[in-house]
Amino acid sequence: MKSKKILAVLTTSLLLTSVLAGCGSSNGQSTATTVNVWASGGQNVRQTFEKLVHAFNEDPDMEGKYVAELHFVPAGEKDSLADQLIFAYQSHEVETEYDVVDLGDDDLTKMIALTDEDILMKLDLNKLPNAEGVTAQPVVAHGRVQPYRGTTVMLAYDSEAVTEVPTTAEELSAWIKAHPGRFAYNAPGADGAGDAFIRTTIYNQIADEAALMSSDPKWEEKWDAGFAQLKELHPYLYQADGKVQYPKDSQAVLDLLAEGKIDLCPVWADMALSQRKAGSLPDKIKLTTIEPKFTGSAQGAAVPSFSGNKEGGVAFINYLLSPQAQTILVQDMAAIPLRRKNVDLTGAEELLQMDISTFRTQALGDLVDDLNARWREEIAGA
């Protein structure tokens, strides 16, 4: 079934490419080649990538060279973007429609753990002049993945309702118990903020920080204490219809916060800041960090080794680090820019306080599947 699905995706992309090829000029001829851009995540990521692709195509430097086309895989899909890339690589596909891919830590570490680094092409920094001065590195596959934005999970709270804001994980647990029904986190596997809460709760109970950067199954034996804490917190979480509810994604949790149904929750900083700027999240909603911190990461872009347009993929990655693209990322999704020169930070000044070098990163690989399955059985099924 998966091979048929991938074939269908590629066939659709080829048809679209044929249509685009005939639209490059008035006489039906064009020297521009299609760059297939693949991304995954929530609706805010989709909307931002739509703008990035449009701006790339409008860039005079790209005229006659490349035309980008977006392919988006919603978070939580059974066949994730990582799964599709793994399948293509293990099937020895060549010259495919995967030209540049947007990768978070989970997808990246899963791909490398199940294949090898050659699934991604080595990047020539001479062809990425906009990457000069960018010091952020991916968790694995150095030299093959180029970070282009930062993101982190923080604690969002209603500043009118919460008079004593928790500053540590212990204080947060105590606050949740003291305020039944006023805290929520989303079920894992959707778009990350709930995942970060679950994982940090579990890994805070493991003394060795190296565990957060390992996909070794041995760490599963150390999960018991963290799951015990999640079970302990379960009855104190947000309820509806007489039972504890785990919203499907981060947006659903933010909606509860905006509506005043909860007072505290983990959120993606970029998601909360962009919605507060747009007015869909009240100004009274503030963000803070706790110790140990929730996880954060440098989102990266890469060119699969089986890309049919490797040069175009590299060109799009270089564009992502341009002032224009970095401004779109800041203004549309409050992403933490990795380059700040000539980038408009108006309305997102809080990003200046976020240092990506201090983020608590994680790379669990396919251990995530076991962790999520256990959560569904022991916590959601409680």
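Me: Why is Glu-160 called exposed?
Reply: This is a predicted model, and in it Glu-160 has a relative accessible area of 61%. Exposed means over 50%, so Glu-160 gets that label.

Me: What makes Glu-160 and Lys-284 a salt bridge?
Reply: Their side chains meet at 3.8 Å, N to O. The cut-off is within 4 Å, so the pair counts. The two sit 124 residues apart in the chain, with Glu-160 in the loop between β4 and α5 and Lys-284 in the loop between α9 and β8.

Me: Why is Lys-284 called partly exposed?
Reply: Its relative accessibility is 27%. Buried needs under 20% and exposed needs over 50%, so Lys-284 falls in between.

Me: How do you know whether Arg-144 is buried or exposed?
Reply: Arg-144 has a relative accessible area of 9%. That is under 20%, so Arg-144 is buried. Its salt-bridge partner is Glu-117, with the closest N and O atoms 3.6 Å apart. Glu-117, at 34%, counts as partly exposed.

Me: What makes Lys-293 and Glu-291 a salt bridge?
Reply: Their closest N and O atoms are 2.8 Å apart, which is within 4 Å, so they qualify. By this rule the count comes to 16 salt bridges.

Me: Why does the radius of gyration agree with a compact globule?
Reply: For 382 residues, a compact globule would come out near 21 Å, and the protein has 21 Å, so the two agree.

How values were computed: Residues are numbered from 1 along each chain as its sequence is written. This is a predicted model: local features need pLDDT of at least 70, side-chain atom pairs count only at pLDDT 80 or more; totals for chains, interfaces and linings use all residues. Side-chain values use heavy atoms; hydrogens and water are left out. The radius of gyration is taken over C-alpha atoms; the globule rule is 2.2 Å times the number of residues to the power 0.38. Buried means under 20% relative accessible area, exposed over 50%, partly exposed in between (1.4 Å probe, protein chains only). Helices (H or I, at least four residues) and strands (E, at least two) are DSSP runs, numbered from the N terminus.
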